[in-house]
Amino acid sequence: MLDRRSGSMITVAIAAAAVSAVISMSITRTSGQAQTPRPARVEGKPNFSGIWQANNEANWDLQAHAALPAAVTQPGIYSYDYARVPAAPVLALGAAGAIPGSLGVVQGDGQIPTGPKPC
């Protein structure tokens, strides 16, 4: 029993060493390469090349909001605004047609300031 356990421990140790060697080789291959600096301006115009991605739900609402069932709704059984239901084409999309909840991107109290600022 003792021999079988020590043999499996040796196998696990060898596998762990092999995995760490592969990881360290992949890290050291790319760590010595310097990033080529991108010019701030190209022909006198700002350089906006690259990947531009927003990792939030600011395209739905800038303020914090809860998840909603769908962007396109229709009146339901009741005529109240809060009783609207998703439209049939959007309902067929399932979760893909829903509005995701978000923490918002407005700093401070989360309200978008409106009107003139006090002196």
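Leaving aside neighbours within four places in sequence, His-65 is in contact (heavy atoms within 4.5 Å) with Glu-57, Trp-60, Ile-99, Pro-100, Gly-101 and Ser-102. The model is predicted, so local features need pLDDT of at least 70 and side-chain atom pairs count only at pLDDT 80 or more, while totals for chains, interfaces and linings use all residues. Residues are numbered from 1 along each chain as its sequence is written, and side-chain values use heavy atoms, with hydrogens and water left out.

His-65 is placed in the loop between β2 (45-46) and β3. Helices (H or I, at least four residues) and strands (E, at least two) are DSSP runs, numbered from the N terminus. With a relative accessibility of 16%, His-65 counts as buried; buried means under 20% relative accessible area, exposed over 50%, and partly exposed in between (1.4 Å probe, protein chains only). The His-65 side chain also reaches the backbone oxygen of Gln-63, at 3.1 Å.

The chain as a whole contains 2 helices and 4 strands, arranged along the sequence in the pattern α-β-β-β-β-α. Of its 119 residues, 8% count as buried. Among contacts between residues at least 6 apart in sequence, 54% join residues at least 24 apart. The chain exposes about 10,600 Å², of which carbon and sulfur atoms supply 63%. Accessible areas come from the Shrake-Rupley method with a 1.4 Å probe, and for residues only the protein chains shown count as cover.

A nonpolar surface patch of about 610 Å² is formed by Ile-77, Tyr-78, Tyr-80 and Tyr-82. Patches are made of residues with over 30% relative accessible area and no salt bridge, like charges being joined within 9 Å and nonpolar side chains (Val, Leu, Ile, Met, Phe, Trp, Tyr) within 5 Å. A salt bridge is a side-chain nitrogen of Lys or Arg within 4 Å of a carboxyl oxygen of Asp or Glu.

Tyr-80 is partly exposed, at 47% relative accessibility, and Tyr-82 is exposed, with a relative accessible area of 71%.

Notes. Polar contact = N/O pair within 3.5 Å; in protein donor to acceptor, adjacent residues only side chain to side chain.
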